[in-house]
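Subject: Structure for you to look at

Hello,

Here is the structure I promised to pass on. Please open it first, then read my notes below.

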Amino acid sequence: MRAQSSATAAVPIAVPAPSQGRGFGTLQAALGVVAFSLTFPATAWGLEGFGPWSLVAVRSVLAAVIAGGCLLALRVPLPARRHWAGLAVVAAGVVLGFPMLTTLALQTSTTAHAAVVVGLLPLTTALLSSLRTGSRPSRSFWAAALAGAAAVVAFTVQQSGGALTTADLYLFGALLICAAGYTEGGRLAGAMPGWQVIGWALVLCLPLTVPVAAVALTAEPVHITAHSVTGLLWVAAGSQFLGLIVWYRGMASIGIPKASQLQLAQPLLTLFWSVFLLGEHLAWAAPVTALAVLVCIAVTQRARG
């Protein structure tokens, strides 16, 4: 009996996070949102000097070098085999899929337009998370969700003259694949540090991103400018690595649905950056739609369930 009691006492007991820990988690997720809000303007700058395939591949390689160096320096062991499938989803979603699809979209779309469409990402992430955890949102949740989706679809159709463009299709595809990566990454961040989640996902992609970068840099024209280099460095170090570190830590701390809703501020922040950094002119429908989506998804957070 004594041996059994000692063994039981040796088992660590999970203690609920205090409110201060949750507040710090919210701050970390918010910092991730700020980093992500600069992704589209930085991508637009990067496209001034690099082709789309070069930009995406090189940013992933640079981010993987940073992440891999950290993993080696700290002698982090390989993840457990049960985590590799989840890491593959993170890699496909946030390392490869979302950057590639949004970069292709930004070749013909303004950052303001793309920011509003991607304003559905918080809702998409929350919905995928609910499906994965088996929760049942209330009718008011679904009503607000559909209203927000309708606002975004109406905006994209109005801006494209009555039909969805190829850029819009890229952006909607990016929404789905990124939401899957966020959901799986947030789940994995409960089992390992958030920086290791994105770090291993980046390293996992190296066998693909290195040869693609080598081929793309020779096939696409490269014009080195201050803007293009700054944009590349930010999307590699800021958006692809540092931003995702605090984002996944925040998701693990306060929960995926709650953290995802902090991204409601991302379209509005990106609209600000598009004017301040890129000198874009905002159509009246862009900020109106962004605010409408903000209201709709805020309702989903107040809804029961």
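Predicted model: local features only at pLDDT ≥ 70, side-chain atom pairs only at ≥ 80, totals over all residues.

**Helix packing**

Helix 3 crosses helix 11 in a left-handed sense. Helix 3 covers residues 39-46. Its axis lies 7 Å from that of helix 11, and the two pack at an angle of about 140°. That angle makes helix 3 oblique to helix 11. The cut-off matters here, because only angles over 145 degrees count as roughly antiparallel.

Helix 11 runs over residues 226-254. Helix 4 packs with helix 11 too, at about 55°. Their axes are 9 Å apart. Helix 4 and helix 11 are therefore oblique to each other. This crossing is right-handed.

Helix 4 also meets helix 10, which spans residues 194-219. The axes of helix 4 and helix 10 come within 7 Å and cross at roughly 140°. So this pair is oblique as well. Helix 4 passes helix 10 in a left-handed crossing.

**Helix 4 itself**

How far apart are the end C-alpha atoms of helix 4? They are 32 Å apart. Helix 4 has 22 residues, numbered 52-73. At 1.5 Å a residue, it should span 32 Å, so the two values agree. Just after helix 4 comes Arg75, with a positive phi of about 50°.

**One salt bridge**

How many salt bridges does a search of the whole structure find? It finds 1. Glu184 pairs with Arg187, and their closest N and O atoms are 2.5 Å apart. Both residues sit in helix 9, residues 166-188. They are 3 residues apart, so about one helical turn separates them. In general, an α-helix has 3.6 residues a turn, so residues three or four places apart point the same way.

**A nonpolar surface patch**

Which residues form the nonpolar patch on the surface? They are Leu62, Leu217, Val222, Ile224, Val229 and Leu233. Together they have about 470 Å² of accessible area. Leu233 belongs to helix 11, the helix that packs with helix 4 at about 55°.

Start with helix 4 when you look: it packs with helix 11 and crosses helix 10.

Best wishes

Notes
Residues numbered from 1 in each chain as written. Heavy atoms only, no water. Patch = residues over 30% accessible without salt bridge, like charges linked within 9 Å, V, L, I, M, F, W, Y side chains within 5 Å. Areas by Shrake-Rupley, 256 points an atom, 1.4 Å probe, with all protein chains shown as cover. Salt bridge = Lys/Arg side-chain N within 4 Å of Asp/Glu carboxyl O. Helix = DSSP H or I, 4+ residues; strand = E, 2+ residues; numbered from the N terminus. Expected span 1.5 Å × (residues − 1). Axes fitted to C-alpha atoms, helices over the stretch in contact; angles between N-to-C directions. Parallel < 35°, antiparallel > 145°, perpendicular 65-115°, else oblique. Left-handed = near helix turned anticlockwise from the far one by under 90°.
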